[in-house]
Amino acid sequence: MLHIIIQAVYAIILAAIPAVLGYAGKYAKKFVQSKHLEGIAIRAVKYAEQLMPEPGQGGEKYRAASQYLAKKAYQLFKINLDPDDIQALIEAAVNDLNQELATFADAPAKEAVEDDEPAEEGEAVGEETASTDEQVLGAVDANNISVTAENVVAQGAKKVGDMTLEELRAALANK
């Protein structure tokens with residue numbers, strides 16, 4: 001009798017395993033798709049920003065990003081996204097990218113200072129940079145080679161986040 005009960009429980013467990021795995025696989029597939037769609041949404045926003053870098057074209061950028069996202073979702077997963085889902089994915093991607101850019105907005109924009117003159121023979125190697133105490137105070141070393149971040153901000157340099165695209169290109173071109 002006990003043997004029959006054990007076989008029945010064993011049969012029920014074996015029958016339930018594929019159902020549980022199918023159920024779990026369905027949600028795992030949706031989870032993986034959602035993560036891929038989030039990545040595609042970020043690419044779509046970057047694509048739209050690259051396509052139309054001028055400010056004030058939010059509607060056109062949204063349209064380009066949503067078309068890209070819908071096209072890729074269908075190509076990769078054979079799913080048609082609802083407009084609300086597209087908007088949510090794009091808004092989340094824009095928010096993520098804005099937060100990512102905000103971390104760089106506090107970094108001061110400065111140009112690299114090049115040393116065209118070779119060091120004199122009498123100078124020691126350690127004299128090329130200012131001491132740690134001088135750098136904290138924003139001092140410039142004897143040869144005006146390095147400028148600390150505090151000194152750059154004190155001179156009124158714009159932060160990267162405050163610069164326009166044209167100013168960033170000009171600053172990068174001056175390297």
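Tutor: Met1 is exposed, as its relative accessible area is 76% (exposed means over 50%, buried under 20%, partly exposed in between, with a 1.4 Å probe and protein chains only). The model is predicted, so local features need pLDDT of at least 70 and side-chain atom pairs pLDDT 80 or more, while totals for chains, interfaces and linings use all residues. Residues are numbered from 1 along each chain as its sequence is written, and side-chain values use heavy atoms, leaving out hydrogens and water.

Met1 lies in the segment before helix 1 (helices are DSSP runs of H or I with at least four residues, numbered from the N terminus). Together with Ile5, Val9, Tyr10, Ile13, Leu14, Ile17 and Leu21, Met1 forms a nonpolar surface patch with about 840 Å² of accessible area. Such a patch joins nonpolar side chains (Val, Leu, Ile, Met, Phe, Trp, Tyr) within 5 Å, from residues with over 30% relative accessible area and no salt bridge (a Lys or Arg side-chain nitrogen within 4 Å of an Asp or Glu carboxyl oxygen). Accessible areas come from the Shrake-Rupley method with a 1.4 Å probe.

Gln33 is also found in helix 1, which spans residues 2-51. Gln33 counts as buried because its relative accessibility is 14%. Beyond residues up to four places away in sequence, Gln33 touches Phe77 and Ile79 (contact means heavy atoms within 4.5 Å).

Technical notes:
Helix = DSSP H or I, 4+ residues; strand = E, 2+ residues; numbered from the N terminus. Patch = residues over 30% accessible without salt bridge, like charges linked within 9 Å, V, L, I, M, F, W, Y side chains within 5 Å.
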